[in-house]
Amino acid sequence: MPRAVREQQMMDAAVRTFGQRGYRAASMDEIAELAGVSKPLVYLYLNSKEELFTACIRREAKALMEAVRAAVEPGLPADRQLWAGLRGFFTHTAENPDGWAVLHQQARAQGEPFVSEVGVLREEIVAFVTGLIGAAARESHYDPALPDRDVAGLAQALVGAAEALAGWANVTPGVSAKEAAATLMNFSWAGLENLMHGRGWQPRAD
């Protein structure tokens, strides 16, 4: 079997084990057995448990970002692009629950250097969503334009909500990716649309 294929087979087993058992509880013996290889071969290919976990984070992060980007069709209205991106995100996290558990739960729970690896993915997703919200603001023809700081804050809030909702949807029976995406779209788009047309909410003066 080619090295690349064998390596991916071992990483598949590692993602499943890390996602279901957690980083600390997972053992290299368990991963090797699930992959159908010897433990020395796992170490030969992937060096250490820490490096294996880091490789899993990077692989799953890349796959998630590719899924979101592939779902968004350029040229569509801004709301359709955001909807497509959310569906792509929730579809991927639903179809890859172990990978999402590695990214959203296990990596963050272990501290550095794993938190920084996940942070790279989050920054990339936030930048992508920032672009979508900025495009929506320009599309609305609202003048003055929605401030860059507001756009950045909205992107952070939307990504945080998507992360939390994906975690909930993956452990709640009967919640489809489409339903999760619709929930977040209904929660966010009305507010975004109001902001883009100058109808932002303001607290009453005390």
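This is a predicted model: local features need pLDDT of at least 70, side-chain atom pairs count only at pLDDT 80 or more; totals for chains, interfaces and linings use all residues.
Let me begin with Arg21, which at 48% relative accessibility counts as partly exposed, the label for values between buried, under 20% relative accessible area, and exposed, over 50%, with a 1.4 Å probe and protein chains only. Residues are numbered from 1 along each chain as its sequence is written, and side-chain values use heavy atoms, with hydrogens and water left out.

Arg21 pairs with Glu30 in a salt bridge whose closest N and O atoms are 3.2 Å apart; the term requires a side-chain nitrogen of Lys or Arg within 4 Å of a carboxyl oxygen of Asp or Glu. Glu30 is likewise partly exposed, at 27%. Over the whole structure, the search finds eight salt bridges.

Another of them joins Asp29 to Lys39, with 3.4 Å between the closest N and O atoms, and this pair links distant parts of the chain, ten residues apart, from helix H2 (residues 28-35) to helix H3 (residues 39-46). Helices here are DSSP runs of H or I, at least four residues long, numbered from the N terminus.

What about Glu60 and Arg59? They form a salt bridge at 3.1 Å between the closest N and O atoms, and shared partners join Asp12, Arg59 and Glu60 into one network. Glu60 counts as buried, at 8% relative accessibility, whereas Arg59 is partly exposed at 22%.

Turning to the cavities, there are four of 30 Å³ or more. On a 1 Å grid over the protein atoms alone, a cavity is a set of points where a 1.4 Å probe fits but cannot get out, and lining residues have an atom within 4 Å of a point. Volume is the space filled by probe spheres set on the points, which are joined across faces, edges and corners.

The largest cavity holds about 130 Å³, and helix H5 (78-95), helix H7 (114-140) and helix H8 (148-169) are the elements giving two or more residues to its lining. That lining comprises eleven nonpolar residues, one polar and no charged.

The second largest cavity, of about 80 Å³, takes at least two lining residues from each of helix H6 (97-109), H7 and H8. Its lining has eight nonpolar, one polar and three charged residues, and includes Arg108, Arg122 and Glu163.

Methods. On a 1 Å grid over the protein atoms alone, a cavity is a set of points where a 1.4 Å probe fits but cannot get out, and a pocket is an open set with protein on both sides within 12 Å along at least five of seven lines; lining residues have an atom within 4 Å of a point. Ala, Val, Leu, Ile, Met, Phe, Trp, Tyr, Cys and Pro count as nonpolar, Asp, Glu, Lys and Arg as charged, and the others, Gly among them, as polar.
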